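Could you walk me through this structure as if I had never seen it before? Here is a friendly note to read alongside the model.

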Amino acid sequence: MQLLREFVAEREWGQFHSSANLAKSISIESGELLECFQWNDEAETERVQSELADVLTYAYLLADRLGVDPDTIVAKKLEESRTKYPVEKARGRSSKYDEL
């Protein structure tokens, strides 16, 4: 996180990093990641990693802007998902929780 903060500060880009702009950037970069797999499942590894890094970068910057710890909110969401998708019902299935 510190490396990202320094990178942004050096370039004075924080002025552009509203929550809305960062959320939009996550979506845009996610689309570019998905584009790697547009025509087949065998995407170029370096390109996938680059696009994934962009998605993660904007996600971390948004978490920082919102004042939340990424590890904490992921752990909280995982606990919620454990309740929605109990192992005995969800193992080996891709059904949505309300269809289990």
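1. **How to read the model.** This is a predicted model, in which local features need pLDDT of at least 70, side-chain atom pairs count only at pLDDT 80 or more, and totals for chains, interfaces and linings use all residues. Residues are numbered from 1 along each chain as its sequence is written, and side-chain values use heavy atoms, with hydrogens and water left out.

2. **The largest pocket.** How much space lies in the largest pocket? The volume is about 150 Å³. A pocket here is an open set of points on a 1 Å grid over the protein atoms alone, where a 1.4 Å probe fits, with protein on both sides within 12 Å along at least five of seven lines. Grid points are joined across faces, edges and corners, and the volume is the space filled by probe spheres set on the points. Rolling a probe the size of a water molecule over the atoms shows where empty space is left.

3. **What lines the pocket.** The lining consists of Leu4, Phe7, Val8, Trp13, His17, Glu29, Ala53, Asp54, Thr57, Tyr58 and Leu61, where a lining residue has an atom within 4 Å of a point. Two elements, helix H1 (2-11) and H3, each give two or more residues to this lining. H3 gives the most, with 5 residues. Helices are DSSP runs (H or I, at least four residues), numbered from the N terminus. By type, the lining has 7 nonpolar, 2 polar and 2 charged residues; Ala, Val, Leu, Ile, Met, Phe, Trp, Tyr, Cys and Pro count as nonpolar, Asp, Glu, Lys and Arg as charged, and the others, Gly among them, as polar.

4. The structure holds 4 salt bridges (a side-chain nitrogen of Lys or Arg within 4 Å of a carboxyl oxygen of Asp or Glu). One of them joins Arg5 and Asp64, with the closest N and O atoms 2.6 Å apart. Arg5 lies in helix H1 and Asp64 in helix H3, so this pair ties together parts that are 59 residues apart in sequence. Arg5 is partly exposed at 36% relative accessibility, and Asp64 is partly exposed at 29%. Buried means under 20% relative accessible area, exposed over 50%, and partly exposed in between (1.4 Å probe, protein chains only). Another salt bridge brings together Arg47 and Glu35, at 3.1 Å from N to O. Here Arg47 belongs to helix H3 and Glu35 to helix H2, so the pair ties together parts that are 12 residues apart in sequence. Arg47 is partly exposed at 33%, and Glu35 is partly exposed at 41%.

5. Glu79 is partly exposed at 47% relative accessibility.

6. **A nonpolar surface patch.** Which residues form the nonpolar patch on the surface? They are Met1, Leu52, Leu56 and Tyr60, with about 330 Å² of accessible area together. Patch residues have over 30% relative accessible area and no salt bridge; nonpolar side chains (Val, Leu, Ile, Met, Phe, Trp, Tyr) are joined within 5 Å, and like charges within 9 Å. The areas come from the Shrake-Rupley method with a 1.4 Å probe; for residues, only the protein chains shown count as cover. Leu56 sits in helix H3 (residues 45-66) and is partly exposed at 42%. Met1 lies in the segment before H1 and is partly exposed at 33%.

7. Most residues other than glycine have a negative phi. Glu12, however, has a positive phi, near 55 degrees. This residue lies in the loop between H1 and helix H2 (19-35). Is Glu12 buried or exposed? Glu12 is exposed, with a relative accessible area of 58%.

8. **Two distances to look up.** Val55, in helix H3, is buried, with a relative accessible area of 13%. Glu32 lies in helix H2 and is partly exposed at 28%. From C-alpha to C-alpha, Glu32 and Asp54 are 9.4 Å apart in space and 22 residues apart in sequence.
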